[in-house]
Structure formats: structure tokens, C-alpha cells
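Here is a short briefing on the model shown below.

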Amino acid sequence: MEIKITTEGNFTVVSVDGSLDTNTSKAAHDQLNKLVDDGKTKLLVDLTNLDYIASSGLRILLATSKKLKPLKGEMRICGLNETVNEVFEISGFTMIFNVFKTAEEAKEGF
Amino acid sequence: MKLSTKILLILSGVSILSVAVIGLVGISFGKKTMEDEMFNKLTAIRELKANRIEAYFEQIRNQLLSFSEDYMVVDAMNSFHAAFEKLDDDILGLNEELIDKSLGEYYQTEFLPRINKNSEEAHLLEEFYPTDFHTKFLQYHYISKNLNKTGEKQLLTDAGGDFAYSGVHSHYHPIFKSYLEKFGFYDIFMIDLQGHVVYSVYKEVDFATSLIEDVYNETNFARVYKEALNTDSPEFIKMVDFETYPPSYNGQASFVASPIFEGDRKIGVLVFQLPIDRINNIMTDNSQWEKVGLGKSGETYIVGADLLLRNQSRFLIEDKENYLGILNDIGTPDDVISKIDNLNTSIGLQKVETQGVIAALKGDTGISIFPDYRGIHVLSSYRPLTIKDMDWAIMSELDKKEAYSAITGFVKNMIIWLLLLIALIPVVAYYFARGLVKPLEKLTDISKQMAAGKLDIESGLCRNDEIGVLACSFDTMSASLKQMMDKLEVANSTLEEKVILRTKEVEIAHYKTQSIIDNANDAIITIDEKQNIVLFNPAASEIFGYENEEIIGKSLLELLPEEYRDNHINNINAFKQSPESSKQMSQRSEVKGKRKNGELFYAEISISKQKIENQYQFTAFLKDVSVRKKAEKRLKSQSAALKSAANGIVITNINGIVEWVNPAFTKLTGYSWREVVGKNPRVLNSGKHDKAFFENMWKTILKGEVWHDEVINKKKNGELYYEEMTITPILNDKQEIVQFVAIKQDVTVRKELEKKIEEANLRMEDELNVGRDIQMSMLPLIFPAFPDHSEFNIFALLESAREVGGDFYDFYFIDENKFLFTVADVAGKGVPSALFMAVCKTLIKSRASEDSSPSSIITHVNDELSRDNPSSMFVTLFLCIIDLSTGKISYTNAGHNPPHIKRVNGDFETLNTLHGPVVGAMEDFAYGEDSVILNVNDYIILFTDGVNEGMDKDKNLYSDARLVETLKSDNSDNIKDHVNTLFNSVMEFQGDAEQADDITILGFEYLEPLINKILFTTSIILKNQLEEIDRLNEHFEEFCETNQVPPKIFMKFNIVFDELINNIVSYAYKDDEEHNIEVIINITEDHLVVSIEDDGIAFNPFNLATPDTSASIEDRDIGGLGVHLVRNLMDNFSYKRFVKKNMTTLYKNIK
């Protein structure tokens, strides 16, 4: 798993490569926490290069989202491949997250 | 009333009524159908004509449009116009008189006679004769100077002369003429912008006139020209309806006009004159009405907005005289009639103002019956014609009289047949009733004979129908009765023998008693009121020692001990006063008497009083008890025994030891006197009765009461027999039991008879239960049904109700992977519903062998059962076909109770969809189907309404709610127990209430997916560390890639591994030791199957409840999501616990 962080205007793009599972989620969670702690409250999580996501990966997305709520922050997610999208559908995450097809669509109006 | 008469009357009545009803309905239906048929025919003809007319006009418009755009026409227009203009020069200096002479003669001799022939009043030359010299000039050259006959003036092409028009005419005329001939127009005109008719093919008297200034400027020709003149559109076309047109000798003429444009410039107008003949020919079929199906009075015609005919009336053509007569009768104005008569045409003359015409002109299409223009009722089919600029109605009609002649014939025929049938019915019914009743009469006769005692009669009517069966039963019954009577006769003769024997024995007993009485030492003594003895019998002499003579006349007191004397006198006096006539002295107790020798003795005395001549006498009967007492015991017992001598008699002492038996006993048991006396009667014990039986007997008889019961005993030869035994205790004077007398009666014969009757009853009940036997014989009853198949377990049970029935269930493989199971409930009971069930079951099975769709199977079975179902039976059905490799159940519900599914984690589902009505009720119904996935250890329960409609004593229903509650709370762990739990619950609910309907329950539990042949396999052993998941993923991906499993599939396993291995590593071990986790990966033909084995604590992840995936972020709990993902990403999964080992297996379809 690899995470690239770039800033574009008033929001931060977090691109996750590889997989989000038991063994990688801890590191990803730390990085996301750090971003929020540093005052980055507008996050675009780009999963275009993510192969698959397990429940531990879902857990950190949920935790980050919960953490942003009192800060009036916002998290958008984009670029789900077929497998990741299926996991999102099964777990009901497509309904509770702002999910966009592509990064371009997600950036619009962010 | 006799049965045959009743049948005859009912059959005749019902048949005649049905024939009459069917006949009358047939007549009315037939009439309607024939009438409809007539109307349909008229409408068809109408449409044919209408289409032809419409097409004709459409064609004309198209021709006109294309012709007006033709360059040749444009050139011709320009040329004719220019030539016409030049006429100014051509006529300069010509002699007008010469021309007037020729032209005037033509008008006088040709034109006027022709037009007058078609007119009411004679026309004058001045009305039509042209005034303009240009007109005269051209008419002179092309009409009067033209040598061709009137009506053939078009044959002149070159008029000669050196005027320009002649050249232009010679050039273009052949072309226009040819065009006209080709398309059959009446005439073609070109008119210039000033209104001059510069060209006409036929050159009637409108030729070369001005449509704006001259005499014809009011005609429909002029009107249509002016409209075309005023348009700016080259596409413009205008048509005018037929009107009387003088240049065509007052014939009917219609025109269609379109402007001629050269580029954007309008240069003239092109007009076609339309012939009325074409329309007439189409409408009158060249007088071939009968050939086109219009019979003798049918016709088609067109009526214009002026309500006038546009074609010839058929009746005018066929029978003019009659037609005119009718017109006269209905009040048509004379001038119209004479016009029609003179002109020999109805076109534009005959007014048609009928109901249909008015409706059609309003735009309505329809059929109706009304009087036509002749006032005669016709069947009419009408509609408006859709021709632009024309407001026309087309009518297709046939005289009602003709139309109805066929109908009347049909009705006549029907009535004749109806009457014939009605006459025939009683005859047929008579023979039928006779055939039906004859065997019954014979049977009645036989039964009368039987009643009179004649039993060996055979009816000879044994056949297959109901009466035949009844006759058979009669035969069987008479045979059985005969047998039974024979047996009774045998039994009867035995009884008589017994009576004779008994009578004899009673006589002997009587003599013996008599002799005892004779030998008794009773004394009889009579005294008078003064106590003096008046009678003293020899026995008394013997007892007391007094001779008769010495005691007679003495006082009785002599015979009494001194101490009793006072008491005696008191007693006698008291007795005298008492109302009793006799008295036993000191009853049961002994009194004493005194002998002559002074000896006292015990005596038993009874006295009686007689009043003779106001004097009382007393007679005493006295027994010397001392003597009697000696014999008493023996006498008592002997007398009882003798009284019962017909039966076997045993006398025992109080301890039960046999003292005496009679010969009947020996005969009954085979034991002789010698063999039993002094012994206990238990030698007869058969061992068939328990200890309590004998204890009860002893208890009864030791109380001094009589005991009576039926006993099975054993004869000396070992044979068992039934006897009725009565044991009477014998009491002595002090009420002590001294002996027991047992009287035995053999009832074996009676018992056997009873047993036979009972057997016969049972047999009869069996026959009544044939229906149930058929039902049960068709069910698979052996469980486990498929012990070789570990993929599933099925269990079913069916509890028949006493009467109602027809449930069934069935299950079998239809191919290697697919397994069918079904539950059904046939309406009705007994043999018919059992047979219907058998048919239904067989149809399903045979169809399923080639069809794996439940809806298709049921649709087929329904069609088969509905097609020929005279008894209107039906069945409700729930049919499932499960694919054992995936757990997918396809199902169809045909009017049946919805089954329930219970998932391994406790989730509960009901398959509520109904896919169609009950099977057997409605042919051609297409049933639907649905599907549902059974995961491993899920089970489905199918049942019939005997379950939810089970009733207790108070008629409360078991109910769906109770059923669901029972299934939900059932914690047993196999399908047989699930089914039994439900069944027992229903039974318990019913209690003692009688079961109203069959109860059927079928349970199916899915245990594991069917694995086909394993093609590739690998395995890997992991340590219980989270990092090992990556190693597993690598190994797994390599194996998958080698064997061409698509990444989309194995990526799902990556997620599943992450969840499951994480669970195991994190929660399965309660120690800190190192453990192995083995992962086995198999690829079969269609599945990827992965098993994970660990030695952690027992834990079935799939028992976890489904998490709520619809909660918002705040309320969202992440727990349980991992297993939820596994469930949904995999096609199926299973969990098994072995000794100290968990095995979780995952199945994914790779096809």
C-alpha cells in the first residue's frame, strides 16, 4: 500500500494504491489522522489505484469521516474499481459517503 | 312413482329443456351471426369500392400535379397563349358572316338538339352562341369546319390555314390527345391568365371562350379555374363536385384544376374534366352486382353533399318501369321522375336523404337498417369518402327482405330439427331408463327372495359399472349370509341337544327332591282355637312319640316344654290378631319341642292360620332339626349342583380344594373326577390372566358375593377355550362360607363367531380406506432418503386424516446437480382424489425428466390436467428445483401455502409470491417462477393447509402465526427434528379433536454445495500471525493465475482471507502458542473452493446476525461487517466443527 498526498486549492487529495486490509490499514489510518489533526478538513480520497478493500479499510474511512463531522469537514471518495465498488455496495457505504466516479467529478464544487 | 318413470321423466325433462334452450339460443345466435355476416359482406364490398374510388381520385390529383409541372405543358401553355394573342392579326379583315353561317348551323343542328334532349325546357341559340370573334374564329376552324362527327372533334390535328394557332395546335394536340386517351379523362383544358380556354382536346362549345367574361363564367369549370388562378402555390390542386354542365350537353361534369408555373411565374391553368362513367362503372361493377355478392337487390352508390346520387341506381338499370313506379308512390316530384325517365339516369337527379347518408356526410361510419331512397328497408353499411374537396358518402346496401330470406330459412330448419330431437328424446330416455332399472329390479327381486330365505341366488349381473358392483356385492353378501346361516344351524342343533340333556337332568333333580321330601321327618300338626290338636301326621307321631289317637283332642301345650307354654299362648293370640296368614316361629332360630318320653329337641316351626266358621285353626309344620341338620350340608350343596347340572360344575371347599365335579365338567375340560378332586382348580389356568384378575375373584367370593366373568382356560389336552364362570359362595346357617360352587359354560363357539364378525368389519373398513392406501403407497417413505448425498438432507411426513385426504409430497433428482421436491394438496377425498393425485404426481415426474423449470413444468401439468377434467378436481402445489452446486432454488407456487426459510443465523423468510391459480382449474395459464439462494445449513419448510388449519376442540385454528412462532423458536439441529417439532406442536394443539385434514410437512436442509471433480489443488500452511495473510495472498494469486482464474474473482478471496484469517489470528486462540492454519484451494470444473482449517476454539462465523447496513455514519457500528462481506462476496460457504478443529469452506462460481 502506498499513499500520496497532494494539495489542490482548498482541499487535500489522498491517493491510495494497492490494498486496504488488516496489514495496511494501520499506516493509512495514521496518515489520515495526521492530516485531520493538521487542519486538513476537506479530503478527497482517490481510490483509483486501489485493488481491493477489506472491512479494516472500511473501518478507517468511517473513523475519519466521524472525526471530520464535528470539525465541519468533508470527505469525498472517488475512483472505485469493480471489486471495491461491490464491497461499498454490500456494506451500504455508497449511501453514507459522497462517492464519485472520477477525481474530476469529485473536485467539482469542492 | 316408479324409478324408471322418474328417470324417464327427469331425463326427458332435462334433455328437452336443454335442447330447447340450446336450440333457441342457437337460433338467436345464428340469426345474429347471419345478420352480422350480411353486414360484414356489405362492409367488405363498401370498403373495396371506397378504396377504388379514393385511389382513383388520388391518382388524378397526382397526374394533374405532375402534368402541370411538365416542361412540355409549360411550353404548350406559352405557345397557345401567344398564338391566341396573335389571333387579333389573324382575324383582321375576315368575313364574320361566313363564319357565323357555318358555326350557327353547328349550334342549331348539333349542339342545341343534344343539349335540349337533356334539358327540361328548350334552349335558344342566343344563350350559348359566342359573341367574341376570336372565339368564333377558333370554334369555326376546330368545330364547325371540322368534318369529324360531334363527339369526335378531337380527331382533327391540323386545321390548315396559315394562322399561328394552327401550327401550335398541330404540334401539341397529338401529345395531349394521347395523354387523355391513356388516362381516360373526359377532356383536358389549358386556360390563360385572361380566362381564355386556349386549348381543349375534345373542343366542345366552351373551347376558346372566356371563363371570366363569357356565358360559362358561372359554371363549376369557371369556379375551379378562378381558384387555381388566384393561388401562388405551384402545388395547388382544386377539385369541384359534379354539376350539370351545358357545354357537355347538360351532362354531369367535375373538374380538377392546378396552376401552370414557369419558374416563379404563373402562366396559366391546367384543368382535367372528369368523366362520370368511371365512377359509375366502379360503383355499378358494369352491372355485375350478383357476381360481387350483392344478390338480387344489393347495390353500392355514392351520394354527394347535395344529397344527390353520383352513380346510376341499380334499380333504374334493371327494372326502370318498376323503379319509376316506386318513385311515384313515395311522392317524388313529377319533374324529377320525368327527368330520370327522359335522361335515363339517376346521377345528379335521384335525391337520397336517408338516415345512413346523413350520418355518413356528418363523418360517421356504421351499419344500420333503414328505408333507402325507394322507401324500402335495407341493410346498409356506410361511411364518408375521404377525397379532398369532395363531400361524399358511400353506401353499400341490400334489401332487408332478401337478407332475411336466408335467415328465415335457417330458423325454419332449426325449428324442424329441434322438434325432431324433442320427439326423439323420450324414446331414448325410455330405453335408457329401462336399461338402468332392469338390473335394479332383478336385484330387488333377489333381495325379496333372500328375505324369504332363499340365499343361494346369484344375480348374474356382475359388471364394471356401479350397478354391476352393487350386484357383485349382493352376490358376495348372499354367499356370506348363507355361510353364516349354515354355521348358525350347526350351533342351533348343539343347543337343542343341550336343552334335552338339561331337561332330563332337571327331572332327575325333581324326583330326587321329591324323595327327600318324602323321606323328610317333618311333622304337620293342626290345632283349634283352644289349642287342641285336631291333626297329627305320622311324621309327627314319629317325632313326638305319640300315636295319632292318643294325642288328638289334647292340648298342644302337651308338646311344649313348660317354660315355653305362656309365651306360646301369647304368640298364638298375637298371631291371631295379626294380618299375616302364616308365620315362621322364631325365624332361623331353633325352638324346642317335647317328646312323649319327655325328651326335648330342637325344631323348626312354621305356622299358618285358617278361619273356618269364625273359628281359627292353626297348622304347624315342624321339623326335627336335629335330624335335618345332619343332612343339611349335603343337601344344600347337592341341590345347587343339581340345579346347574347342564354346565360344568365344580364344588370346592373354602380353601379352593375341589370336593366335587360333575360329568359336564369332565366333558368340558377332559379332566375326570378322580383327577381333580382334592386338587386345586388352577390345573385349568391358561396363563392368560394376571394375578390381579384372580385376586379380584377371591375378594368378591370371600365377601359372600357372586363372581361372574369370562375366563380363558386350558383343557387337559392343552387346548385353550373360553368359558363363562359363575362362582357362588355357599353359606351355612351362621352365614359362614362353607363351600364354593363354580358353574362353567363353554363359550368358545360364540367367541369364534364374534371374532369372525369383527374380522369382517375390519375388512369392510379396509375397503373404505383404499383411497388412503393408494395415497400412502405413492409417497417416498424411507428416510434418510439419500444417505449417499452429503449435500442435503430431506425429511417429510404425512399424517392422513380419517376421511379427508389427497395431500402428497415427492422428491427426486432430475439430473446430476438438480433435485426436485414438491408438496401438494388435492381437493376432495377418497379414491377419486387419490387417483387424481397419482396422475398429477406422474405428470410432474415425467415432465421434470426433460424440463428443469418449475414454472414450465407446472404450466404443462396444468394444461394436461385442465384439458380433460370432468370432475373439476384441482390441486395446490409448491414445486422447488434446487441446483445443489449453488444452493439456488427455483420455485413456483400454484395456489399453495407459502413455505418458510430459516437461515443458519436465525434470519427468517417467507416465500410469499403466488405464481398462479390452483392446478387443474384453468387451461392455458402461464405460471411464473422465482428463485432464492439457500446457503449452507439454511433450511426450507414446505407444508399443506392441514398444518395451519389444524383445529382444537373449540375450533380454534393452529394458524400461520403459531406455525411461524414454532419454526422461529425451534432450536433442534437437524431437518428431521425440525419437521417433527412442528408436527408435534400441531398434534399437541389439536389434542383430542379429530384431525380435519391431512397434515403434510416437508423439510429440506442444504448441507454443502455439490462439488464436481477437482481439477487443480494446492494448499498452504500459515502461522497464526497477521503478516501471513500476505503470504497466503501471494501463493493464492500465483495458483489462480496459473490456472486462469480471473482477477475479479480472486480479488474477492483476498478480502475474504483478510477477514477470516484476521478473525482466527485475533480471536481463535486463548494461549500464546504458535498454531498452524491450513488453507486448501481447489479448482473444480465450475467452482473455486477454499477450505480454511484452524485448531482454535469452536466458532461459526456465519451464525452472526446480519448488520444494519442502512444506518447513518453516526449510528454506524463497524462490527460484523467482515463476515457480512464474506457472505455476500462468496456464492456459498459452510462451517463444520471437527474434534478440536474448525473448517470454514468458501465456494465461488468461476463460470
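This is a predicted model: local features need pLDDT of at least 70, side-chain atom pairs count only at pLDDT 80 or more; totals for chains, interfaces and linings use all residues.

Across all chains, the salt-bridge count is 46. Between chain B and chain A, the buried area is about 2300 Å².

**Helix α7 of chain B**

- Helix α7 spans residues 220–229 of chain B and is mostly covered.
- Seven of the ten residues in this helix are buried.
- Those buried residues are N220(B), F221(B), A222(B), V224(B), Y225(B), A228(B) and L229(B).

**Interface of chain B and chain A**

- Interface size is often quoted as the accessible area that is lost when the parts come together.
- Here that area is about 2300 Å², and carbon and sulfur atoms give 61% of it.
- Chain B brings 27 residues to the contact, and chain A brings 26 residues.
- Two salt bridges are counted between chain B and chain A.
- K1048(B) pairs with E82(A) in a salt bridge, with the closest N and O atoms 3.7 Å apart.
- On the side of chain B that touches chain A, α29 (1028–1042), α30 (1047–1067) and α31 (1121–1129) of chain B each supply at least two residues.
- The largest share of that side comes from α30(B), with eight residues.
- By type, the residues on that side of chain B are ten nonpolar, nine polar and eight charged.

**Backbone details in chain B**

- F783(B) and P784(B) are joined by a cis peptide bond, with omega about -5°.
- P784(B) sits in the loop between α23 (770–777) and β21 (792–799) of chain B.
- K203(B) is not a glycine, yet its phi is positive, near 55°.
- The loop between β2 and α7 of chain B holds K203(B).
- K203(B) has a relative accessible area of 2%, so it is buried.
- L307(B), also not a glycine, has a positive phi of about 65°.
- The loop that holds L307(B) runs between β6 (299–303) and α9 (314–318) of chain B.
- L307(B) counts as buried because its relative accessibility is 13%, below the 20% cut-off.

- T652(B) belongs to strand β16 of chain B, residues 648–653.
- Its relative accessible area is 8%, so T652(B) is buried.
- Beyond its neighbours within four places in sequence, T652(B) contacts I657(B), V658(B), E659(B), P681(B), Q739(B) and F740(B).
- T652(B) and V738(B) are 86 residues apart in sequence, with their C-alpha atoms 9.0 Å apart in space.

**Salt bridges within the chains**

- R383(B) and E54(B) meet through their side chains in a salt bridge, at 2.9 Å from N to O.
- R383(B) lies in strand β8 (residues 377–384) and E54(B) in helix α1 (residues 3–68) of chain B, so this pair ties together parts 329 residues apart in sequence.
- R383(B) is buried, with a relative accessible area of 11%.
- E54(B) also counts as buried, at 15% relative accessibility.
- A network of salt bridges links R46(B), E47(B), E54(B) and R383(B).
- K320(B) and D341(B) form a salt bridge at 3.0 Å, N to O.
- This pair links distant parts of the chain, 21 residues apart: K320(B) is in helix α10 (residues 320–329) of chain B and D341(B) in helix α11 (residues 334–343) of chain B.
- K320(B) counts as partly exposed at 25% relative accessibility, and D341(B) counts as partly exposed at 34%.
- In chain A, the side chains of D38(A) and K34(A) meet in a salt bridge at 3.6 Å, N to O.
- Both D38(A) and K34(A) are exposed.

Key. Residues are numbered from 1 along each chain as its sequence is written. Chains are lettered from A and ligands numbered from 1 in the order in which they are written. Side-chain values use heavy atoms; hydrogens and water are left out. Buried means under 20% relative accessible area, exposed over 50%, partly exposed in between (1.4 Å probe, protein chains only). Helices (H or I, at least four residues) and strands (E, at least two) are DSSP runs, numbered from the N terminus. Contact means heavy atoms within 4.5 Å. Buried area is the accessible area (1.4 Å probe) that two parts lose on being put together, summed over both. A salt bridge is a side-chain nitrogen of Lys or Arg within 4 Å of a carboxyl oxygen of Asp or Glu. Ala, Val, Leu, Ile, Met, Phe, Trp, Tyr, Cys and Pro count as nonpolar, Asp, Glu, Lys and Arg as charged, and the others, Gly among them, as polar.
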